[in-house]
Amino acid sequence: MSHAAIELEHVGFTYPTGARALEGVSLRVEEGSTLAVVGPNGGGKSTLLKILLGVMGGYEGSVRLFGMSPEAARRAGVVGYVPQRSEAELSFPVSGRGAVEMGATSRLGGLRRVPGDVRAHVESCLRLVGAESFAERPVGQLSGGQWQRVLIARALAARPRILALDEPLVGIDAPGQRLFAELLASLRRDLRLTIVLVTHDLRTVAGAAPSCDQVACLRRTLHFHAAPGGVTPQVLAQVFQHDLADVFGDVHVDAHRAAECGHDHGGGGGGGGAGGGVVPLRVRPGGGV
Amino acid sequence: MRTIEYLSGPDALLFVPAIAAGVAIALVCGVLSVFVVLRRLAFIGHGVSHAAFGGVGLAAALGLTGMAASSAAGYLAVVGAFCIAAALVIAYVSAKAKLREDTVIGVALVASLAMGALLLHQRARSGGGGVVSLEGSLFGSMLAVGWTDALAAWAAAVLVLAVLWVVRRPLVFWTFDEPAAAAFGVDTMRMRLLLMGLLGVSIVVAMKLAGVVLATALLILPGATALRLSASLGRVIAVSALASVLGVLGGLVLSFELDWPTGPSVVVALIALMIGAMVARRLSGGAGPARGTGGAVGAGS
């Protein structure tokens, strides 16, 4: 039996302070699909991402990545992580290429030389994301868009099966956002990667819409299963507590029942019942589904 | 020059262990200092070096402050165990406990200083002798360094540099981007404990020469100097080690010439080098670190 790329069943998490971050979250993401997880700040997105990355234990429920626990998946290098720009030490004396090499070599023993195929793989990752021209620049001198490409190349250098991106468009200008959407689409098409994109910014979802085929709206728990008539921009506006017309413009958002997508999302059984889960959406610029 | 007079005089052999130990200490602290500065561990290093003072007091209370080889070895063992234990406790508690990191370090620092001062005071009151005085412990003394200390310094240098070479790839990744390194499978707690343990070892062997208060200077100033001169991690490490050796040897010369305590003399020399690096950077156009290929250290070798 083949495993889903990501499978969560009734996942909950409570911080030591007593704050409940996740409640009954269930979702299933098939290999090769792209999931955008959106929600307000403090809605549990970062917690969910840390659980998927295998760096946060102590959760309730079941989490499997290609049938493995997140911790085992982390050790096996299943998930490639693209963090926010702010998390790295950008005064570090290293070039873009050096940063990408870290992704490829962090698991190599100290006594081994870097094999030729690993070097070639680093080059191909730089080429894939279009970073060859600025690969020799110190990371502190890269623009937001260039640094993001380096981070994606670093994640790819570890040969992951899932690519997880945390707030990927923070600090990226409009042309950079368009390039990002194209890159995301090509990664999915060429490498058959499963992509998880986590953001609080609906503009990111709107920008990446052509390459996203699922959107999970997270605010501690599944927010939209009980929404009569499915997920609409109005419901999203209620969650984010502001008008979304300026975000989506002519982007048409339409909700589909889980059953209609042929996915078993667990929790609510796809029928809009109670419990955790994900509401898959089709988001396509220009209207239509 | 008094330096030449000292080193060519009948007591020259008294200073050779200090010079030999100084070079080893400078090498290892110079390399570690790059990671301390980049990982922003300066205050932790300060806390660990001060925590060693509790070990000094304990060694004094046990009568291990003489120049005999057995006494010097016992001193190093007691101070080393105390210092490394303190480093690991500070690293673990600051990473895991709900207390703020600076609070943990501050508590360990003052508690250990107080314990060391009280034990040294008791030892002096009971008429105990030895070459480790309060001032010597705090600010360093060349004459307190014997051959056992020099051998220990070189053994520590070889050990620390070998460990750093073996773990360089995950260590560099952790230093650069801890959250990402964790997600890529790097055991970040192990890296933290390892680096703190290595800092503890280095501080122990640096203490007699540089003193508890100023040993931290060797773990901050060389790295801070080198980071102003290069944008390649490999070159930064090499420059830092070189600056550290020049600073220690320059400090020893100052100590000979001006009859200053060793620790402050080394700090003066290291600060002079750092100012020189800043001026050189400004004169070269002030365009920041030198451009370089900047490959991750060891990643391409």
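The buried residues of α8(B) pack against α3 of chain A, and also against α2 (12-38), α7 (147-166), α9 (178-183), α10 (188-210) and α12 (233-258) of chain B. This is a predicted model, where local features need pLDDT of at least 70, side-chain atom pairs count only at pLDDT 80 or more, and totals for chains, interfaces and linings use all residues. Residues are numbered from 1 along each chain as its sequence is written, while chains are lettered from A and ligands numbered from 1 in the order in which they are written.

**Helix α8 of chain B**

- Helix α8 (residues 168-176) of chain B is mostly covered, with eight of its nine residues buried. Buried here means that 20 or more other C-beta atoms lie within 10 Å of the residue's own; exposed means 12 or fewer, partly exposed is in between, and the C-beta atoms are placed from the backbone.
- Those buried residues are Arg169(B), Pro170(B), Leu171(B), Val172(B), Phe173(B), Trp174(B), Thr175(B) and Phe176(B).

**Chain B overall**

- Chain B has 13 helices and zero strands. Helices (H or I, at least four residues) and strands (E, at least two) are DSSP runs, numbered from the N terminus.
- Of the 301 residues in chain B, 57% are buried.
- Take the contacts in chain B between residues at least 6 apart in sequence: 79% of them join residues at least 24 apart. Two residues are in contact if their C-beta atoms, placed from the backbone, lie within 7 Å.

- The axes of helix α11 (residues 212-226) and helix α13 (residues 262-283) of chain B come within 10 Å and cross at roughly 15°. That makes α11(B) roughly parallel to α13(B).
- For the geometry, axes are lines fitted to C-alpha atoms (for helices, over the stretch in contact), and angles run from 0 to 180 degrees between N-to-C directions. Angles under 35 degrees count as roughly parallel, over 145 as roughly antiparallel, 65 to 115 as roughly perpendicular and the rest as oblique.
- α11(B) passes α13(B) in a left-handed crossing. Left-handed means the near helix is turned anticlockwise from the far one by less than a right angle, and right-handed means clockwise.
- On the α11(B) side, the contact is made by Val213(B), Leu214(B), Ala217(B), Leu221(B), Pro222(B), Ala224(B) and Thr225(B). The α13(B) residues in it include Val266(B), Leu270(B), Met274(B) and Ala277(B).
- The residues of this α11(B)–α13(B) contact divide into 14 nonpolar, two polar and no charged. Ala, Val, Leu, Ile, Met, Phe, Trp, Tyr, Cys and Pro count as nonpolar, Asp, Glu, Lys and Arg as charged, and the others, Gly among them, as polar.
- α10(B) and α11(B) pack at an angle of about 120°, with their axes 8 Å apart, and are therefore oblique to each other.
- Here the crossing of α10(B) past α11(B) is right-handed.
- Leu199(B), Ile203(B), Ala206(B), Met207(B) and Ala210(B) in α10(B) meet Val212(B), Leu214(B), Ala215(B), Leu218(B) and Leu219(B) in α11(B). The tally for this contact is ten nonpolar, no polar and no charged.

**Where chain A touches chain B**

- In all, 31 residues of chain A are in contact with 33 residues of chain B.
- On the chain A side, the elements giving two or more residues are α2 (70-76), β5 (79-82) and α3 (96-105) of chain A. α3(A) supplies the largest share, six residues.
- That side of chain A divides into 15 nonpolar, seven polar and nine charged residues.

**Strands of chain A**

- Strand β6 (residues 162-166) of chain A has five of its five residues buried. Ile162(A), Ala164(A) and Asp166(A) point one way from β6(A), Leu163(A) and Leu165(A) the other.
- β5(A) and β6(A) pair in the parallel sense over four bridges, and Val79(A) has Ile162(A) as its bridge partner in β6(A). Two strands pair if DSSP finds at least two bridges between them.
- β6(A) also pairs in the parallel sense with strand β7 (residues 194-199) of chain A, over five bridges. Leu165(A) stands opposite Leu197(A) in β7(A).
- An open sheet of three strands runs in the order β2-β1-β4 (chain A), with antiparallel pairing. β2 (20-29) and β4 (60-65) of chain A stand at the edges, each with a single partner strand, so one side of each is left without a neighbour in the sheet.
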